[in-house]
Structure formats: structure tokens, C-alpha cells
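User: I would like to learn how to read a fold feature by feature. Can you take me through one?

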Amino acid sequence: MVTVHKYTAEESLAHNLGQFILESQDKALKNHQKFNLAISGGSLNNVLHKAFIEDKVLASKVDWNSWAIYFVDERLVPLDDPDSNFGAFKKAVLDHLPANKAPKVYPIDEELVKKGVDSFAQVTMDYEKIIPKNFDLVLLGCGPDGHTCSLFPGPTHNYLLDEKHRRVMWCRDSPKPPSDRITVTLPVLGDAESICFVAEGASKQPIMHEIFDLKNTKLPSALVNHLYDAKVHWFVNDEAFTKVETTSF
Ligand SMILES: O=C(O)[C@H](O)[C@@H](O)[C@H](O)[C@H](O)COP(=O)(O)O
């Protein structure tokens, strides 16, 4: 069963998510001395900033030098482009860390990206080579259309959702700009130790209803619930879940 962690405005979702991530860190370090984490873009970066930069108690417990951080999806733009997920994470978190706290971060090959569209297949294959087989934790967002990673709903994008072997794919026609991205595929999520969605705010109400009450598994986020339920967690706030009648999945 999917686990939903729901917080009121007074409770801090960021603090509780931070604690959850630290538990995952501690478990991973006990098992293999390294914490393999994959993150998405969007508002997750603000939550990570609150949890590990602003919250000094949690910040003191992060063993940054043992973290290996990858991206579940990335826009095929230079790393300093405002659209870059790496760039957003750098701004929100990395730029605030002292020099002696240095997670290993794995962005896409920027030089290749700069060569243009002819190199995008290579960028995708190269990223596939560097991601670990089993992530300890994958942190996901959920778009208002139900997408997660850059796995979008609808027939045009079934080639991404249907993929059973490739672990990283080139999403050529993203409905959300920019149009060229890379994304991990469902097998990568399936191999992860734990999967955690973060969804906050009133704009998420309709899609949360469609995922949890209607269980529309044509939506990538609902499909992840359906396929990997036991290891899926949702960190949500009351606002996002106002229209949700059942949290069971
Ligand atoms: O590259 C991307 O487009 C993001 O990784 C994307 O998949 C994001 O996670 C969701 O759109 C949710 O974003 P919000 O949390 O900002 O709504």
C-alpha cells in the first residue's frame, strides 16, 4: 500500500520530509557507505532548501560527502540556463554548502548538450551509463497533468512509459517546455529502494483527486503508485489533498 504523509500548514512538510530522507541516508550508509539519491526539478528544490539549508538541526545530520546525487529528469540546456534542473538545485542547495561539504553531483554532459540536437541521443546514453542500478531514494514531483520525471501522459508519450529496457530516454516532445529532455524510465523507479513524491498547494487538488480517488493509471504518477505501491510515499499538504477522499492506493 502507498503511504501518504499529510501535513497541515502549521506542521512542516519540509522538516518531516527531511527526516525521512535522513533515515534513508542512514540506512544506505550502513549498507554500502554511500547514499544514492535521484531528484526531480520544480518546487522540490525549495523543499530541500528548507529542510537542509534553513533547518539547522537537520542540516547538521546530513553526511553530504557520502551523497551521490543524480537527476530523474533534466532539460537539455546548458547547466546555467534558467531551465536547468541541475542549475535550480545548485542555486537552492549546493551554493549554500561550505567547501568541506561536497556531495558528488552527476549532471548531464554540458559540452555535448551545447553541440545541439545531433548530440542528444549521446547525452541520453551517457547518462544511462552513469546512473546506479539501485537508487536508495528517488524524490519525485507530480505535475498538474499527472506527469512525473519527464514521463508525460497521453499517446504521444507512451514510448516513454512503455519502455522496459532502456533506463534513460530522450523525451523529444515534452508538452512542458523545454521540449528536449532526458528522463529515467519506470524500470529505474522499480529498482529503487524507496520512491517519494512531494506535492503541495491548491493547484494540485484536481490531479490528486484523479490519482487517489479515480486511480487513473493512465497518469504516470498513478501508474507508479499502482506498480510499486509498497515502496511509494507521498509527502503532501492539506491544501493539495482537500478534494481527496481516500488516501489508500
Ligand atoms: O523537469 C521537470 O519538469 C520537473 O522535474 C517536473 O517533472 C516536476 O517535478 C513536476 O512538474 C512537478 O513540479 P512542481 O513540484 O514544481 O509542481
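Analyst: We will go through sheets, helices, the ligand shell and some backbone geometry. This is a predicted model: local features need pLDDT of at least 70, side-chain atom pairs count only at pLDDT 80 or more, and totals for chains, interfaces and linings use all residues. Residues are numbered from 1 along each chain as its sequence is written.

User: Let's start with sheets. What is the strand order in the open sheet of seven strands?

Analyst: Helices (H or I, at least four residues) and strands (E, at least two) are DSSP runs, numbered from the N terminus. Two strands pair if DSSP finds at least two bridges between them. Here the order is S1-S10-S9-S6-S2-S3-S5, with parallel pairing. Strand S1 (3–7) and strand S5 (104–105) stand at the edges with a single partner strand each, so one side of each has no neighbour in the sheet.

User: How many bridges join S2 to S3?

Analyst: Five bridges join strand S2 (residues 35–39) to S3, and the two run parallel. Asn-36 stands opposite Ala-68 in S3. S3 also pairs with S5 in the parallel sense, over two bridges. There Ile-69 faces Val-105 in S5.

User: Is strand S3 mostly covered or uncovered?

Analyst: A residue is buried if 20 or more other C-beta atoms lie within 10 Å of its own, exposed if 12 or fewer, and partly exposed in between; C-beta atoms are placed from the backbone. Strand S3 (residues 67–71) is mostly covered, with four of its five residues buried.

User: What is the order of the open sheet of three strands?

Analyst: The order is S4-S8-S7, with antiparallel pairing. Strand S4 (73–75) and strand S7 (168–171) are at the edges, each with a single partner strand, so one side of each lacks a neighbour in the sheet. Three bridges join S4 to strand S8 (residues 181–184). Asp-73 stands opposite Thr-183 in S8.

User: Now helices. At what angle do H1 and H2 cross?

Analyst: Axes are lines fitted to C-alpha atoms, for helices over the stretch in contact, and angles run from 0 to 180 degrees between N-to-C directions. The axes of helix H1 (residues 13–32) and helix H2 (residues 44–54) come within 8 Å and cross at roughly 75 degrees. That makes H1 roughly perpendicular to H2. Angles under 35 degrees count as roughly parallel, over 145 as roughly antiparallel, 65 to 115 as roughly perpendicular and the rest as oblique.

User: Which residues come nearest the ligand?

Analyst: A residue is near a molecule or strand if its C-beta atom, placed from the backbone, lies within 6 Å of it. Of the 14 residues around the ligand, Gly-41, Gly-42, Ser-43, Gly-141 and Gly-143 come nearest.

User: Last, the backbone. Where does Cys-149 lie, and what is its phi?

Analyst: Most residues other than glycine have a negative phi, and most peptide bonds are trans. Cys-149 has a positive phi, near 50 degrees. Cys-149 sits in the loop between S6 and H7. Cys-149 counts as buried because it has 31 C-beta neighbours inside 10 Å. Lys-215 also has a positive phi, of about 50 degrees. Lys-215 is in the loop between H9 and H10. With 14 C-beta neighbours inside 10 Å, Lys-215 counts as partly exposed.

User: Which residues does the cis peptide bond join?

Analyst: The cis peptide bond joins Pro-177 and Pro-178, with omega about -5 degrees. Pro-178 lies in the loop between S7 and S8.
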